[in-house]
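Could you walk me through how this chain is put together? I'd like the domains, the sheets and the helix packing, in plain words.

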Amino acid sequence: MRRPATILFIVLDAFPHDLVDRDLTPTLFALAAEGGWARDGGRGILSAATYPNHATFITGVGPGEHGIYTNRAWSAAGKRPAQEVGPRASTLFEECRAAGLKTAAAFGDQNLVGVCGAEKADVHWPPGGILPIDAAKGKLGYGADLAVIQGLDGMDWAGADFVFLQLDEVDTARHLSGPFGDAVLEQCRATDAALAEILERFRSGWDDTLAIVVSDHDHEAVEPGAVDLAAAATAQGLDIEIDHEGTAALVVGEVSDARLLELPGVAGATRLAPGFKLVWGPPGQQFGIDWGLAAQHGSPRTLKQLAVVGGGHPAARAIAAEVEASPPSALSWAGRVRHWLAL
Ligand SMILES: [Zn+2]
């Protein structure tokens with residue numbers, strides 16, 4: 001089968017996995033009608049945070065291999081901001097470049113340029129991962145959906161084989177007003193309209209386009225206050241490092257699950273890679289600092305991802321059948337792009 005002329009991979013940050021609705025989100029609804037969608041959602045990777053999941057989208061591997069376990073990257077030297085390090089594994093941008101294919105990327109969360117290694121795309125926005133001073137911004141300081149559209153319009157993406165975009169505003173709305181509710185639904189409606197604007201730019205080649213629209217994580221309500229797990233671990237004399245990540249915390253170092261479950265506020269633990277575990281508390285509890293947010297993510301309760309596939313290329317129907325048959329993993333998307341672009 002011929003390969004798609006364009007693969008669009010669009011992340012609607014923190015978009016609820018089941019909000020594909022004829023009235024509220026007509027763009028997603030039409031896309032799902034053309035191809036298909038995962039009604040029970042796709043499955044993200046832990047921690048259920050933005051940067052680990054985006055690094056997984058662009059590499060197809062988990063934190064143990066790309067190194068971005070939380071919104072920080074970890075190596076033998078310790079932790080650093082993920083956007084300064086980027087994924088340790090091969091990215092679709094690098095592989096497309098090696099194959100002579102053109103790529104473009106634009107992100108509402110400016111840090112995703114570095115997190116996804118998008119400096120190696122042929123064109124990217126915002127330039128160097130720094131929002132232009134005049135870009136429209138959301139309430140948490142990331143680029144607004146409109147700014148991403150304007151960023152796309154300012155780039156030479158024509159003829160791109162792979163386009164990676166991220167719209168941030170639903171995540172901001174859920175953090176500030178809670179996981180659900182009228183303000184979130186209104187933002188979902190607005191972001192669906194922004195998605196329509198973006199898809200419009202690709203309609204002339206739609207028969208040869210594969211469009212994948214996902215989210216990176218869900219949200220859960222949190223109560224005021226936060227457990228400082230780093231302080232608790234120090235008080236217990238544990239030789240481990242803690243990286244708080246919303247409703248979860250990364251544990252770096254060798255320690256048994258039993259010891260971790262004795263720490264205050266720890267309700268569950270799982271191993272991510274040798275020397276790396278993730279713990280989480282009961283519903284409503286967050287770790288680290290109380291930022292005054294109404295909702296957070298990070299724990300396994302927030303793993304579900306939106307997964308909608310459409311486009312006029314036959315790949316859309318093939319992949320739609322896969323995601324309707326079983327929930328797609330965040331790990332699986334890069335492999336599908338590699339397959340359909342013959343990388
Ligand atoms: Zn996110």
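First, some ground rules. This is a predicted model, where local features need pLDDT of at least 70 and side-chain atom pairs count only at pLDDT 80 or more, while totals for chains, interfaces and linings use all residues. Residue numbers start from 1 along each chain as its sequence is written. Helices (H or I, at least four residues) and strands (E, at least two) are DSSP runs, numbered from the N terminus.

**Domains**

The chain splits into domain 1 (6–220 + 297–340) and domain 2 (229–292), with bounds that come from an automatic or database domain assignment. Taken over C-alpha atoms, the centres of the two domains are 28 Å apart. Across the boundary, 18 residues of domain 1 touch 14 residues of domain 2; two residues are in contact if their C-beta atoms, placed from the backbone, lie within 7 Å. On the domain 1 side, α3 (63–66) and β4 (72–75) each supply at least two residues. That side of domain 1 has 6 nonpolar, 8 polar and 4 charged residues. For these classes, Ala, Val, Leu, Ile, Met, Phe, Trp, Tyr, Cys and Pro count as nonpolar, Asp, Glu, Lys and Arg as charged, and the others, Gly among them, as polar.

**The sheet of 4 strands**

An open sheet runs in the order β11-β12-β14-β13, with antiparallel pairing. Strands β11 and β13 are at the edges with a single partner strand each, so one side of each has no neighbour in the sheet. On average, neighbouring strands here are turned by 25 degrees against each other, direction ignored. Strands count as paired if DSSP finds at least two bridges between them. The antiparallel pairs look like this:

| Pair | Bridges |
|---|---|
| β11 (residues 241–245) and β12 | 5 bridges |
| β12 and β14 | 5 bridges |
| β13 (residues 268–273) and β14 (residues 276–280) | 5 bridges |

How many of the residues of β12 are buried? In strand β12 (residues 248–252), 4 of the 5 are, so the strand is largely enclosed by the rest of the structure. Buried here means 20 or more other C-beta atoms within 10 Å of a residue's own, with C-beta atoms placed from the backbone.

**The sheet of 7 strands**

The other open sheet has 7 strands in the order β2-β17-β9-β1-β8-β6-β7, and its pairing is mixed. At its edges are β2 (36–37) and β7 (123–125), each with a single partner strand, so one side of each is left without a neighbour in the sheet. Strand β6 (residues 103–107) runs parallel to β7, joined by 3 bridges.

**Helices**

Helix α1 (residues 26–34) lies across β2, β9 (209–214) and β17 (307–310), at about 60 degrees to β17. Axes are lines fitted to C-alpha atoms, for helices over the stretch in contact, and angles run from 0 to 180 degrees between N-to-C directions.

Helix α1 also packs on α9, at an angle of about 55 degrees with the axes 7 Å apart. That makes the pair oblique; angles under 35 degrees count as roughly parallel, over 145 as roughly antiparallel, 65 to 115 as roughly perpendicular and the rest as oblique. P26, T27 and L28 of α1 meet D192, L195, A196 and L199 of α9. By class, this contact has 5 nonpolar, 1 polar and 1 charged residues.

Then there is helix α8 (residues 169–177), whose axis comes within 9 Å of that of α9 (residues 182–200), crossing at roughly 175 degrees. That makes α8 roughly antiparallel to α9. The contact is built from E169, V170, A173, R174 and S177 of α8, with A183, V184, Q187, C188 and T191 on the α9 side. These residues divide into 5 nonpolar, 3 polar and 2 charged.

Technical notes: Buried ≥ 20, exposed ≤ 12 C-beta atoms within 10 Å, placed from the backbone.
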